[in-house]
Amino acid sequence: MNGPGKSDSLVVPKNLPNEARAASLAEEVGEGRRLAEGNSPQRPRPRAQDRTGLHVKLERVRQAARANRAQRFTTLWHHVYDVDRLRAGYFSLKKDSAPGVDGETWGVYGASLETNLQELSSRLKRGAYRAKPVKRTYISKDDGRKRPIGIPTLEDKLVQRVAAEVLGAVFEQDFQGFSYGSRPKRSAHNALDALTVGLTRKKVNWVLDADIRGFFDALDHGWLVKFIEHRIADERVIRHVKKWLNAGVLEDGRVTSVETGTPQGGSISPLLANVYLHHVFDLWAVAWRKRAARGDVILVRYVDDFVVGFEHKDDAERFLAELRERFAKFQLELHPEKTRLIEFGRFAARDRARRGEPKPETFDFLGFTHICGHTRQGKFKVLRQTMKKRLRAKLKALKAELRQRLHDPVPAVGRWLSSVVTGHYRYYAVPGNGPALALFRHQILRLWQRSLSRRSQKGRVCWIRMARLAQRWLPTPRILHPYPSQRLCVIT
């Protein structure tokens with residue numbers, strides 16, 4: 001990317017605070033205004049290096065990527081080995097995250113932070129940085145199977161975090177609006193809102209609920225590098241992405257090389273996943289909708305989990321058939337058990353009743369079961385309830401944890417359960433899900449009563465005491481999220 005000439009120099013009033021000067025600079029760059037003569041051509045820099053200053057440094061990259069979707073960036077790596085950005089990346093890491101193969105923790109690395117960052121920056125600058133294998137571990141899934149997770153070393157995690165931020169400044173300008181997973185200022189609730197509003201306001205009668213089988217383990221390295229090279233021409237960036245992809249996996253004391261996939265748990269893995277699916281699915285789906293669809297089509301994707309709504313069944317069937325072929329070309333496969341085409345929408349219940357069929361099927365997306373419902377006035381609405389499978393798994397884990405805390409003081413257990421319930425509400429407290437929230441709180445209270453009764457010498461703890469404990473420690477359910485149409489209108 002070419003640097004600015006003298007005519008591109010920018011200025012903002014000197015009496016503005018640093019953050020305001022940075023914001024004004026970004027606005028003037030977007031509007032193409034020049035600086036007044038005699039003012040300093042230097043870019044504003046906060047007196048204390050913070051996230052605002054680092055954001056400003058990438059602003060010209062964002063603007064160039066937004067202005068020219070075909071531009072390839074040749075000099076980005078210097079943003080990665082910037083010591084200030086590495087320091088900010090270090091403090092953004094989780095302090096209690098598990099260590100990688102070298103056993104280095106956040107606290108140990110931070111004991112000599114400045115020395116370590118300077119040395120890391122030097123290795124990144126001169127090309128001496130080497131990626132280490134990721135440590136393989138497994139976490140239990142709702143269906144009883146194990147999901148592989150890769151744990152990079154702290155330095156690899158740090159450099160990946162910074163590289164993802166720098167690359168994201170470019171790729172965020174390309175990503176489609178219906179892509180929500182692992183993107184800044186976008187959340188799972190944004191995806192849920194968009195899906196609900198689309199199902200309600202568009203002519204949707206059929207829903208394709210799809211999931212990609214073993215997506216993170218199936219990413220083809222060759223295709224992924226080609227997709228990155230569409231925008232990135234900095235060989236140092238490409239070389240380091242290849243290092244992370246080819247670092248290998250340490251499991252049971254043996255290091256094995258991998259030719260496909262990117263480990264879940266790596267800081268850069270979500271960005272690489274979005275880049276891959278942007279080219280494989282998003283762009284293709286948008287083109288298909290314009291080229292082949294006869295009616296309305298809505299799209300919502302959250303990483304490898306996506307939902308597509310159709311007005312006509314034949315559109316849905318053709319889309320699914322062509323999507324299987326498209327994925328096969330890029331070594332991806334739809335999960336046969338988790339991919340379904342169902343009748344769902346404002347007329348689904350009426351049409352199925354006319355044919356003598358039962359109520360419309362439901363589908364799960366991002367922890368919620370989506371159901372065809374209706375308001376008191378009889379209008380169609382999408383009812384979202386906590387997935388029963390998720391609820392059972394959460395209660396099972398809490399039961400096991402309560403056994404571990406059997407002899408802890410009641411206030412300590414109460415504070416822990418309060419944080420659990422509050423965190424559950426924070427995600428699941430959407431309009432219409434009140435009964436499921438109340439059920440979760442009641443089940444936790446039952447588990448707590450059993451735990452206290454097991455250690456009590458007086459037998460079973462009475463419900464009068466449990467009611468007092470619940471009032472003291474377990475927050476009552478209340479809806480925390482606005483209606484989807486309200487929040488979506490505010491955001492967009």
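A nonpolar core is here a set of buried Ala, Val, Leu, Ile, Met, Phe, Trp, Tyr and Cys residues joined through side-chain atoms within 4.5 Å. Buried means under 20% relative accessible area, exposed over 50%, and partly exposed in between, with a 1.4 Å probe and protein chains only. The model is predicted, so local features need pLDDT of at least 70 and side-chain atom pairs count only at pLDDT 80 or more, while totals for chains, interfaces and linings use all residues. Residues are numbered from 1 along each chain as its sequence is written, and side-chain values use heavy atoms, with hydrogens and water left out.

Of the 492 residues of the protein, 48% count as buried. The secondary structure comes to 20 helices and eleven strands; helices (H or I, at least four residues) and strands (E, at least two) are DSSP runs, numbered from the N terminus. Among contacts (heavy atoms within 4.5 Å) with a separation of 6 or more, 71% are accounted for by residues 24 or more positions apart.

The largest nonpolar core has 79 residues, and Phe 281 and Phe 319 have the most contacts inside it. Helix H13 (residues 269-292) gives the largest share of this core, 13 residues. A second, separate core has 47 residues, including Val 307, Phe 363, Phe 368 and Val 461. Leaving aside neighbours within four places in sequence, Phe 319 is in contact with Leu 208, Phe 281, Trp 284, Ala 285, Trp 288, Val 308 and Phe 310.

Arg 289 also lies in helix H13. Its relative accessibility is 30%, so Arg 289 counts as partly exposed. Arg 289 and Phe 319 are 30 residues apart in sequence, and their C-alpha atoms are 9.0 Å apart in space. Not counting residues up to four places away in sequence, Arg 289 touches Val 297, Ile 298 and Leu 299.

Four strands form an open sheet in the order E6-E7-E3-E8, with antiparallel pairing; two strands pair if DSSP finds at least two bridges between them. E6 and strand E8 (340-343) stand at the edges with a single partner strand each, so one side of each has no neighbour in the sheet. On average, neighbouring strands of this sheet are turned by 15 degrees against each other, direction ignored. E6 and E7 run antiparallel and are joined by six bridges; the bridge partner of Tyr 302 in E7 is Asp 305. H13 touches E6 and E7, and its direction makes about 175 degrees with that of E6. Helix H14 (residues 313-329) packs on the sheet as well, touching strand E3 (206-211), E7 and E8, and its direction makes about 145 degrees with that of E7. For these angles, axes are lines fitted to C-alpha atoms, for helices over the stretch in contact, and angles run from 0 to 180 degrees between N-to-C directions.

Asp 304 is in the loop between strand E6 (297-302) and strand E7 (305-310). Asp 304 counts as buried because its relative accessibility is 17%. Beyond residues up to four places away in sequence, Asp 304 touches Ala 210, Asp 211, Ile 212, Phe 215 and Leu 277.

Another open sheet has four strands in the order E2-E1-E4-E5, and its pairing is mixed. Its edges are E2 and strand E5 (254-256), each with a single partner strand, so one side of each is left without a neighbour in the sheet. The twist averages 40 degrees from one strand to the next. Strand E1 (residues 134-140) and strand E2 (residues 146-151) run antiparallel and are joined by six bridges, and Ile 139 has Arg 147 as its bridge partner in E2. E1 and strand E4 (residues 249-251) run parallel and are joined by two bridges, with Leu 250 in E4 as the bridge partner of Lys 135.

Helix H5 (residues 83-92) is mostly covered, with seven of its ten residues buried; among them are Val 83, Leu 86 and Tyr 90. In helix H18 (residues 434-455), the buried residues include Phe 440, Arg 441, Trp 448 and Gln 449. Their cover includes strand E11 (380-386), helix H16 (388-404), helix H17 (410-428) and helix H19 (463-473). The expected span of a helix is 1.5 Å times one less than its number of residues; the 22 residues of H18 should therefore span 32 Å, which agrees with the 32 Å between its end C-alpha atoms.
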